[in-house]
Amino acid sequence: MGDYVILTDSSADLTAELVKELGVEVIPLSFTMEDKIYYNWPDNRDIDPADFYARLRGGAMATTSAVNVATYTDAIEPMLKEGKDVLVLAFSSGLSTTCNSAQIAAGELMEQYPDRKVAVVDTLCASLGQGLLVWYAARMKQQGKSLEEVRTWTEEHKLNLCHWFTVDDLHFLKRGGRISAATAVLGTMLSIKPVMHVDNEGHLIKVGTARGRNASLKALVDHMEETVLDLKDQVIFISHGDCLADAQKVADDVKSRFGVETVIINYVGPVIGAHSGPGTVALFFLGSER
């Protein structure tokens, strides 16, 4: 079996510890806040997530940037020169042009290195949903599966990777154009929280509402109950916008209802968090459908 590298981008929101454990490579996406460019490294070397969310709460705005073709080329080419193939698991094309950049870079590099392979999977996933797909892919690689076997599995199962989100502050969704100003104001007055998921095209869409924070957190696990597959070997991922206690509440509900043993929690990174805001909670698992 040829040696290969699994490469993803930092919108996967994997911790530095998981990146090391899984043996994957991560390209950091960038964002601009208060006229300074930051890179979203898994080890948070540029900015601590708590500081990022504190600035958002204080009124700062962040704008995000996709990974460009040159960045992918610079990351992948040294691997090819070392005689390794590369499997790229990219941020959803429904939310970013990052995947398109990866595909362009892959095409150009395979022309230059015809004996090497660069495969790109449009994960149609975001945050730790993307991270969970990477987790499964890396585990398969560690078990000796080939690049093609891992690529095939991720393509066949990415639409089983369920993403359920809720947010606490509707004004961030308003700013991103996902809801109207009137909806944001009314929803805030009535404490109505949206319940959203990532659909089969990789878009983040609203599918329902809940009255109050606790009801919205419970709704995430209710949706999990409707579609979750055999939990015997599942690891559940939860990400949060600087609201660890709420993420832990969802984790406790998941463990209580389903007997799940392993739940991994991390921040929603700046790439998603700039648009969803503080107080976001997201639940990820394998289900029969999204």
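**Reading the helices and sheets**

Student: Which residues in α5 meet which in α6?

Tutor: Contact just means heavy atoms within 4.5 Å. Here, L133, Y136, A137, M140 and K141 in α5 meet E149, V150, W153 and T154 in α6. Sorted by class, the contact of α5 with α6 has six nonpolar, one polar and two charged residues. Nonpolar covers Ala, Val, Leu, Ile, Met, Phe, Trp, Tyr, Cys and Pro, charged covers Asp, Glu, Lys and Arg, and the others, Gly among them, are polar. Before we go on: this is a predicted model, where local features need pLDDT of at least 70 and side-chain atom pairs 80 or more, while totals for chains, interfaces and linings use all residues. Numbering starts from 1 along each chain as its sequence is written, and side-chain values use heavy atoms, with hydrogens and water left out.

Student: At what angle do α5 and α6 pack?

Tutor: For α5 and α6 (147-157) that gives about 150 degrees, with the axes 10 Å apart. Over 145 degrees counts as roughly antiparallel, under 35 as roughly parallel, 65 to 115 as roughly perpendicular and the rest as oblique. So α5 and α6 are roughly antiparallel to each other.

Student: How many helices and strands does the protein have?

Tutor: The protein has 11 helices and 13 strands. The radius of gyration is 19 Å, close to the 19 Å from the globule rule for 290 residues, so the protein is as compact as a globular protein of that length. That radius is taken over C-alpha atoms, and the rule is 2.2 Å times the number of residues to the power 0.38.

Student: In what order do the strands of the four-stranded sheet come?

Tutor: Strands pair if DSSP finds at least two bridges between them. The order is β2-β1-β6-β7 in an open sheet with parallel pairing. Its edge strands, β2 (25-27) and β7 (118-122), each pair on one side only. Neighbours are turned by 25 degrees against each other on average, direction ignored. Inside it, β1 (4-9) and β6 (85-90) pair over five bridges, and V5 has V86 in β6 as its bridge partner. Helix α4 (98-112) packs on this sheet, touching β1, β6 and β7, and its direction makes about 165 degrees with that of β7. Helix α5 (127-142) lies across β1 and β6, at about 170 degrees to β1.

Student: And what is the pairing in the six-stranded sheet?

Tutor: That open sheet, β10-β9-β8-β13-β11-β12, has mixed pairing. Its edges are β10 (204-211) and β12 (263-267).

Student: Where is E34?

Tutor: E34 sits in the turn of the β3-β4 hairpin and has a positive phi of about 50 degrees; two residues lie between the strands. Four bridges join β3 (30-33) to β4 (36-39), which run antiparallel, and F31 has Y38 as its partner in β4. Strand β3 also pairs with β5 (62-65), in the antiparallel sense over four bridges.

Key
Axes are lines fitted to C-alpha atoms, for helices over the stretch in contact, and angles run from 0 to 180 degrees between N-to-C directions.
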